[in-house]
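Thanks for passing this one along. Here are my notes, in numbered points, to read beside the model.

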Amino acid sequence: MATSKTRNPRVLFVTPEIHPLIKTGGLADVSGALPAALRELGVETRVLVPGYPKVLAGARNKRLSHTFHDLPEADEVRLLSASLPGSGVPLLIIDCPLLYQRDGGPYQNPAGVDWPDNAQRFALLSRIGAILGSDASPLSFHPDIVHCNDWQSALAPAFLHFMPGKKAATVMTLHNLAFQGIFPPHIVAEVGLPPASFSIEGVEYYGNFSTLKAGLYYADHITTVSPTYAREIQQEALGFGMQGLLARRSDKLTGIVNGIDTGDWNPAADPHLVQGYDAGQMAGKTANKLALQEKMGLKRDPDIPLLGMISRITHQKGGDLLLEIAPQLLQENVQIVLLGTGETALENGFRNLAHAHPDKVGVTIGFNEGLSHLVEAGADMFLMPSRFEPCGLNQMYSQRYGTPPLVHATGGLADTVVDGVTGFVFEPMTAEGFFGCIQRALAAYRDKKVWGKIQRNGMERDSSWKKSAEDYLALYKSMLGGR
Ligand code: ADP
Ligand code: GLC
């Protein structure tokens, strides 16, 4: 599948979630936006996704493309071609009711417990990705690049490695090294990888099988979602046990910072807001603040600094740090709103905080896309004290919404927020560090001129996908150049 000098590479983008059909975090946003940005650069792109109920219900123009028989995961698997609502990006949907047609999330049942057959569910995603990238593909679309994302699609490079014939080159994008697709060793044979691959030089990871390690080991190139995170994961502190492999492959490891969908996240035309606004006309931002205060049961007051946070409530995101400093912080004239879902103990911590300070703290536990836009618009400042953050999207949304972010200097946060210019950056990751950062931001907030400048700087920052999509295209071309 050589590509001529004049033709752009064709890309199969393999992902377990995609906005606006199914989303648990930033990977969905990236999967919705990057393929669209690549298409704007003239790259023929298809996105391969599992046919969860929400995907089948929301995708447009579904047609049967092919039926696979006798795959290890199921006797019959249908491949549908379709398109993504909104951008019209072409989709390939894996219709396998046995594995995907169930209530609950993409990875967990309604009680929040991992599906027991996740190994098979995502081996199938990877397997179809590999078949479509090989010369055994039944489709007329032959990708030059199979671009995989996180552990759920990370077996595709391994499957392709062991397939005969001509095949696409593989890119493995790492969105979060904390999720590694760990399964017991017997799964190696079950998914059909050769026994010899279960070794340090292969898919073995501390005695278990890691699908992510398979991707990192066998992919032709690895990318991650910011240059700083690309460096951090080669060291012990944030390498999650993969640092040795990543350091060894550092010549094949590139950090490309995410962009944001500037159509979905546009304060001037956001259907989730009560009033639109832009850098030249900020009155609408106050209207959204008042609406948010009302919605969260707080006192409606345009002058009280309102601190917002939207996140998966996990150790990664540092919500515990906010709980730790809350008693001290709430002695000030501030309000806090939090939208999130995650670890039960932390969720309860926030519920209790709101209960103890109903006039100052509003907490919504749950996943709510519309409310997340209102929080970005209505808050005065945005809190993101992440312990690590591969890229992070909310700090970019908040800059665009004139809501300066307060972030720990890590990963993509360090690469996208400029201290005192578009937001506030703290280091080290301690309660004092975070509290000091909030104090600095509150002092700036009290000076309308200073604050207005910081808001404008953030709103004018270019965080569109164009530049990053160009970087991916340049990478694809460089990979194919030698073939
Ligand atoms: P991560 O992918 O690690 O969770 P990102 O900052 O890259 O972090 O992306 C998170 C995405 O998920 C953002 O679009 C954010 O607004 C969204 N999000 C997270 N939690 C919620 C929630 N409870 N309700 C609505 N959107 C949420
Ligand atoms: C992951 C990371 C986040 C990143 C997102 C999209 O979920 O935690 O930092 O922005 O993927 O790449």
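1. Let's start with the open sheet: six strands pair in parallel, in the order 15-14-13-16-17-18. Strand 15 (361-365) and strand 18 (424-426) are its edges, each pairing on one side only. From one strand to the next, the twist averages 20°. Strands here are DSSP runs of E with at least two residues, helices are runs of H or I with at least four, and both are numbered from the N terminus. Two strands pair if DSSP finds at least two bridges between them.

2. A word on the basis. This is a predicted model, in which local features need pLDDT of at least 70 and side-chain atom pairs count only at pLDDT 80 or more, while totals for chains, interfaces and linings use all residues. Residues are numbered from 1 along each chain as its sequence is written, chains are lettered from A and ligands numbered from 1 in the order in which they are written, and side-chain values use heavy atoms, with hydrogens and water left out.

3. Within that sheet, three bridges link strand 16 (residues 381-384) and strand 17 (residues 405-408) in the parallel sense. Met384 stands opposite Val407 of strand 17.

4. Which strands does helix 18 (residues 431-446) touch? It packs on the sheet against strand 13, strand 16, strand 17 and strand 18, and its direction makes about 160° with that of strand 18. Helix 14 (residues 344-356) lies across strand 13 (306-313), strand 14 (335-342) and strand 15, at about 145° to strand 15. Contact means heavy atoms within 4.5 Å; axes are lines fitted to C-alpha atoms, for helices over the stretch in contact, and angles run from 0 to 180 degrees between N-to-C directions.

5. Elsewhere, have a look at strand 4 (residues 74-83). Seven of its ten residues are buried (under 20% relative accessible area, with a 1.4 Å probe and protein chains only). Strand 4 runs antiparallel to strand 3 (residues 60-71), with eight bridges, and a two-residue hairpin connects them. Strand 4 is also antiparallel to strand 5 (residues 90-95), over six bridges; in the turn of that hairpin, Gly86 has a positive phi of about 95°.

6. Finally, ligand 1. Its shell holds 22 residues, the closest being Gly26, Asp29, Arg312, Lys317 and Gly366; a residue counts if one of its heavy atoms lies within 4 Å. A side-chain N or O atom of Lys317 is 2.8 Å from a ligand oxygen, and a backbone N or O atom of Leu393 lies 2.9 Å from one.

Definitions and conventions:
Buried < 20%, exposed > 50% of the residue type's maximum accessible area, 1.4 Å probe, protein only. Polar contact = N/O pair within 3.5 Å; in protein donor to acceptor, adjacent residues only side chain to side chain.
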